[in-house]
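Hi,

Here is the structure I promised to pass on. Have a look at it first, and my notes follow below.

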Amino acid sequence: MTPKQVPATAQGVVVRRAEMKEAEAVLKSVLNLARASATAAHWSRAAFHPYLSTDEAGGALQAKAMFLACTDPAKCATEAGGSHTPIATVDGIVGFAAFSTIMTVGVGESTLENMAVAIPWQRQGIGCRLLKAGLHWCRAHAAGTVFLEVRASNRAAVALYERAGFSAVGNRPGYYRDPAEDGLQMQKSLGRAARAG
Ligand SMILES: CC(C)(COP(=O)(O)OP(=O)(O)OC[C@H]1O[C@@H](n2cnc3c(N)ncnc32)[C@H](O)[C@@H]1OP(=O)(O)O)[C@@H](O)C(=O)NCCC(=O)NCCS
């Protein structure tokens, strides 16, 4: 096996929230990660930027967040949900997942907007961990349901989402371009009922 063929190991990879203060390093990495993937959404830098928000003000009607998988624990904060250590630079971002939430009639609706794991790091549970961190954030933002769209042919992603408890609820003809393809709409209930009023 040549060094290039040696699989990267996910041992020591940390999953945590992306923060505004590390914008330069994070945006560069996630742009590259998304562009290197045929099936991730190829967003612009400007499209990624709002996901680096600092903590939302209480009661915000809309919120966005991005979670990162990083290989360098010395420069990364603790697992999402734990306390955050301020950092200025980020090395070794090997995966990301971007989520949004909108509050409607007392209960939030979240969307998994974009996600990718670098090829050498795939199939080691990093996608699952990014999803778990994102779903935790969705719950904390009062989301009752999480939606996503995925290319119908994207077996890896569909399998990941099914394993995380998402199920197919609809088909969006011609949703994707380059190449043209239908979008499979999936959803997961977080078991939260709408609050009265
Ligand atoms: C989809 C993606 C994020 C999965 O990331 P990952 O880190 O490899 O996922 P995990 O290792 O956490 O996989 C968890 C489970 O998902 C399923 N899965 C993941 N990749 C799979 C594959 N290639 N084939 C079949 N099932 C797969 C399996 O059930 C897997 O569990 P297992 O390894 O114990 O069998 C990754 O393949 C990727 O970045 N793809 C390109 C970008 C993309 O398609 N993004 C989604 C856009 S909607």
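**What turned up**

Let's start with a loop: Ala-142 is in the one between α3 and β5 (helices, H or I, of at least four residues and strands, E, of at least two are DSSP runs, numbered from the N terminus). Ala-142 isn't a glycine, yet its phi is positive, about 65°.

Before going further, some ground rules: this is a predicted model, where local features need pLDDT of at least 70 and side-chain atom pairs count only at pLDDT 80 or more, while totals for chains, interfaces and linings use all residues. Residues are numbered from 1 along each chain as its sequence is written, and side-chain values use heavy atoms, with hydrogens and water left out.

Another loop to check is the one between β6 and β7 (181-189), where you'll find Pro-179. The peptide bond leading from Asp-178 to Pro-179 is cis, with omega near 0°.

Which backbones come up against ligand oxygens? A polar backbone atom of Val-117 is 2.7 Å from a ligand oxygen, and a polar backbone atom of Gly-125 is also 2.7 Å from a ligand oxygen. On its own the ligand exposes 930 Å², and the protein buries 78% of that (Shrake-Rupley areas with a 1.4 Å probe).

The ligand takes up the space of the largest pocket (more than half of its atoms lie within 2 Å of the grid points). A pocket here is an open set of points on a 1 Å grid over the protein atoms alone, with protein on both sides within 12 Å along at least five of seven lines, and lining residues have an atom within 4 Å of a point.

This pocket has a volume of about 1,200 Å³ (the space filled by probe spheres set on the points, which are joined across faces, edges and corners). Its lining counts 40 residues, with Asn-154, Ala-156, Ala-157, Leu-160 and Tyr-161 nearest the centre. β4 gives the most to the lining, seven residues.

Cheers

Note on methods: Polar contact = N/O pair within 3.5 Å; in protein donor to acceptor, adjacent residues only side chain to side chain. 1 Å grid on protein atoms, 1.4 Å probe; cavity = no way out; pocket = protein on both sides within 12 Å on 5 of 7 lines; lining within 4 Å.
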